[in-house]
Amino acid sequence: MALGFAIGVFGVLILFHAAYSTIQYRGLLKITEEEFSGPPFNVVIELSLGLVLCMWAALTVPGKFLSIHPDSEENRIVSLPANLDFMIFNHRGKVFPVEMDLKLKH
Amino acid sequence: MAVSSQEKKSSNGVNELLTFNAENMQNNMKIIYYSRTFLSIIGGVVAGILGFTGLKGFIFYLLLMAVTSVVLVAKAKFSIQTYFDSWNRVLLDGFLGGLMSFVLFWTFAYDIVHIF
């Protein structure tokens with residue numbers, strides 16, 4: 001995850017460098033009194049590279065997807081970390097209908 | 001909080017699961033939200049630097065969100081059933097909130113690069 005974070009920071013730095021290059025390019029265009037039609041080609045390449053790096057960072061940094069099936073392998077046991085006397089097991093008994101009129105046997 | 005994480009959700013045609021783990025579902029939604037917001041901000045900065053104005057910027061945002069959706073589905077290894085309960089969540093969630101962040105950073109970057 002630290003690698004993804006570093007790649008994200010690197011992508012943002014590339015974007016800042018591209019912004020600075022474009023500012024300088026516009027200053028140059030003001031001197032020669034031309035119209036701004038688009039940033040120079042290498043700035044476009046730099047922006048796409050920064051975008052790809054940031055996209056990769058946006059996928060790896062927030063974390064992995066966790067399965068929502070109760071019967072997948074990593075969801076079978078839910079245990080409180082503080083107290084191992086109370087553990088919850090996921091099994092199919094949950095879908096049985098609840099019998100509401102149980103009578104006490106005496 | 002960990003004790004009450006198994007909640008019953010009745011099926012109503014969208015998902016076939018009778019119960020699912022709501023805490024992991026929230027975790028997955030949080031990941032999608034963070035990814036989309038960050039990419040909207042980055043897309044806004046790129047659109048501002050490239051000098052897009054008007055409709056071209058919004059088309060760029062739509063393209064960016066489409067690519068983000070494809071990449072998120074690839075991250076879920078193309079089996080949405082394992083991680084979410086419906087397709088709408090992974091494809092459409094966070095779209096409008098991301099749009100506002102996109103426009104904010106788009107105008108911000110455009111002003112810095114092209115006007116000042």
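Let's start with contacts inside chain A, where a contact means heavy atoms within 4.5 Å. For chain B, among contacts between residues at least 6 apart in sequence, that share is 70%.

A word on the ground rules. This is a predicted model, so local features need pLDDT of at least 70 and side-chain atom pairs count only at pLDDT 80 or more, while totals for chains, interfaces and linings use all residues. Residues are numbered from 1 along each chain as its sequence is written, chains are lettered from A and ligands numbered from 1 in the order in which they are written, and side-chain values use heavy atoms, with hydrogens and water left out.

Now the layout of the two chains. Chain A has two helices and two strands, and along its sequence the pattern reads α-α-β-β. Chain B has five helices and two strands, and from the N terminus on its elements run β-β-α-α-α-α-α.

How about burial? I'm calling a residue buried under 20% relative accessible area, exposed over 50%, and partly exposed in between, with a 1.4 Å probe and protein chains only. In chain A, 29% of the 106 residues are buried. In chain B, buried residues make up 46% of 116.

On to surface. Accessible areas come from the Shrake-Rupley method with a 1.4 Å probe, and for residues only the protein chains shown count as cover. Chain A has an accessible surface of about 8100 Å², with 67% belonging to carbon and sulfur atoms. For chain B the figure is about 6300 Å², and carbon and sulfur atoms hold 69% of that.

Next, the place where the chains meet.

Let me bring in the record. UniProt positions are given in the numbering used here, feature names are shortened, and annotations may be inferred rather than shown by experiment. In an unreviewed entry, UniProt places a "transmembrane region" at residues 45-66 of chain A. In the model, that span is 73% helix and 0% strand, and its end C-alpha atoms lie 36 Å apart. For chain B, UniProt (unreviewed entry) lists the "transmembrane region" feature at residues 31-52, 58-78 and 90-110. Residues 31-52 of chain B are 91% helix and 0% strand, with end C-alpha atoms 29 Å apart. Residues 58-78 of chain B come out at 86% helix and 0% strand, with 28 Å between the end C-alpha atoms.

Why does A:Leu13 count as partly exposed? Because its relative accessible area is 49%.

A:Ile77 lies in strand 1 (residues 77-79) of chain A and counts as partly exposed because its relative accessibility is 46%. Not counting residues up to four places away in sequence, A:Ile77 touches A:Met87, A:Ile88 and A:Phe89. The C-alpha atoms of A:Ile77 and A:Ile45, 32 residues apart along the chain, are separated by 49 Å.

Last up, B:Phe52, in the loop between helix 1 (22-50) and helix 2 (55-75) of chain B. Is B:Phe52 buried or exposed? Buried, because its relative accessibility is 18%. Leaving out residues up to four places away in sequence, B:Phe52 touches B:Ala47, B:Gly57, B:Phe60, B:Trp106 and B:Tyr110.

Conventions. Helix = DSSP H or I, 4+ residues; strand = E, 2+ residues; numbered from the N terminus.
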